[in-house]
Amino acid sequence: MREAHGEKTAGLFLFVLAILTTTPAFGQISLVGDWGPRYHEDQRDRIPGPPLGDYTGLPINENARVYADSWDASRLTLPEHQCKVHVASYMFHGPLAWRIWEEKDPVTQRVIAIKQYINTYEQERTIWMDGRPHPSEYAPHTWMGFSTGAWEGDVLAVTTTHLKSEWYRRNGIANSDRTTMVEYYIRHGNRLTHVTAVNDPVFLSETYFRTRDFLLQERTQGNWLWPCEYVEEVDRPKNDVPHLLPGSNPALEEFALKSGIPLEAARGGAETLYPEYMTKLRALISAARTSRP
């Protein structure tokens with residue numbers, strides 16, 4: 001009898017263990033739904049777009065400055081660039097509507113992946129939740145990259161690699177194809193805060209953090225399609241790519257002059273992000289005033 005009782009107890013224990021290991025934690029928060037952006041944060045940067053020469057708020061290095069200084073906005077008239085997709089490390093910063101849903105194993109109901117559809121350029125993104133590793137560094141890079149996620153309490157943490165090169169800001173500040181990104185999805189009621197931490201050994205001197213907020217949409221809104229067809233906007237020689245040679249960009253000082261700040265401050269860099277830079281900024285402004293005729 002004792003042996004039979006022991007076998008029943010062991011069987012019950014294994015049954016409970018199986019349930020616990022094949023289902024998510026009780027009370028796991030859901031991110032499923034349609035989400036719409038709030039543009040109160042970095043509004044000018046996200047909607048109308050930044051002025052040329054505005055590199056403020058970016059921990060960029062000299063490589064990034066040289067690239068941006070040589071960038072010509074006319075490049076966007078090239079057929080190859082007219083329908084170019086925003087990379088995942090920038091995509092959520094611009095105008096968009098997006099949807100989240102889960103793909104589950106039909107037998108165990110474990111979440112295999114969290115899927116995202118982003119109406120800007122009709123991008124679909126997969127965040128793998130099944131513990132698979134990231135591919136080899138030689139695997140192809142894509143606009144959305146390769147993403148894996150894990151829950152840290154009620155916060156979804158996502159790591160993305162294998163991103164293509166595009167930009168951090170729509171005035172020529174580029175990201176490299178060695179960019180990696182960690183995201184945090186934090187939900188409070190019908191509000192979702194999206195935090196990104198981006199590292200780029202080519203164009204950044206330290207981690208670049210950004211946040212933005214989204215609201216859960218009770219009704220489907222907006223256009224979920226983004227048809228794009230390129231056209232020949234400008235008659236130019238074949239293989240001609242608009243660019244500016246170093247030192248020839250006439251627009252680099254306009255932002256600093258209009259904003260009333262020294263050109264050095266407009267050039268960005270990690271130093272300019274910290275409160276201690278205010279002391280140096282005051283000194284630069286004072287020096288500029290005293291040097292005026």
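Student: How many disulfides does the structure hold?

Tutor: The structure holds one disulfide, a term for a pair of cysteine sulfur atoms within 2.5 Å. This is a predicted model, in which local features need pLDDT of at least 70 and side-chain atom pairs count only at pLDDT 80 or more, while totals for chains, interfaces and linings use all residues. Residues are numbered from 1 along each chain as its sequence is written, and side-chain values use heavy atoms, with hydrogens and water left out.

Student: Which residues does the disulfide join?

Tutor: The disulfide joins Cys83 to Cys228, with an S to S distance of 2.0 Å. The pair links distant parts of the chain, 145 residues apart. Cys83 is in the loop between helix H4 (79–82) and helix H5 (88–91), and Cys228 is in the loop between strand E11 (208–216) and helix H6 (254–259). Helices (H or I, at least four residues) and strands (E, at least two) are DSSP runs, numbered from the N terminus.

Student: Why is the disulfide left-handed?

Tutor: The torsion about the S-S bond of Cys83 and Cys228 is about -85°, and therefore the disulfide is left-handed.

Student: What is the relative accessible area of Cys83?

Tutor: Cys83 has a relative accessible area of 23%, so Cys83 is partly exposed. Cys228 also counts as partly exposed, at 33% relative accessibility. Buried means under 20% relative accessible area, exposed over 50%, and partly exposed in between (1.4 Å probe, protein chains only).

Student: Let us change topic. Where does Asp69 lie, and is Asp69 buried or exposed?

Tutor: Asp69 lies in helix H3, residues 62–69. Asp69 is buried, with a relative accessible area of 13%.

Student: Which side chain does Asp69 join in a polar contact?

Tutor: The side chains of Asp69 and Tyr55 are joined by a polar contact of 2.8 Å. A polar contact is a pair of N or O atoms within 3.5 Å; within protein, one must be able to donate a hydrogen and the other to accept it, and residues adjacent in sequence count only if both atoms are side-chain atoms. Leaving aside neighbours within four places in sequence, Asp69 is in contact (heavy atoms within 4.5 Å) with Tyr55, Leu244, Asn249, Leu252 and Arg267.

Student: Now the strands. How many bridges join E1 to E2?

Tutor: Three bridges join strand E1 (residues 33–37) to strand E2 (residues 98–104), and the two run antiparallel. Two strands pair if DSSP finds at least two bridges between them. Asp34 stands opposite Arg99 in E2.

Student: And what about E2 and E3?

Tutor: E2 and strand E3 (residues 111–118) pair in the antiparallel sense over seven bridges. Ala113 in E3 is the bridge partner of Glu103. E2 and E3 form a hairpin with six residues between them.

Student: What does the side chain of Asp105 reach?

Tutor: Asp105 lies in the loop between E2 and E3, and its side chain reaches the backbone nitrogen of Thr108 at 3.1 Å. Asp105 also touches Arg110 and Ile112, not counting residues up to four places away in sequence.

Student: Which residue in the turn has a positive phi?

Tutor: Gln109 in the turn has a positive phi of about 65°. Most residues other than glycine have a negative phi. His162, in the loop between strand E6 (155–161) and strand E7 (167–169), has a positive phi near 60°. Gln109 is partly exposed at 42% relative accessibility, whereas His162 is buried at 9%.
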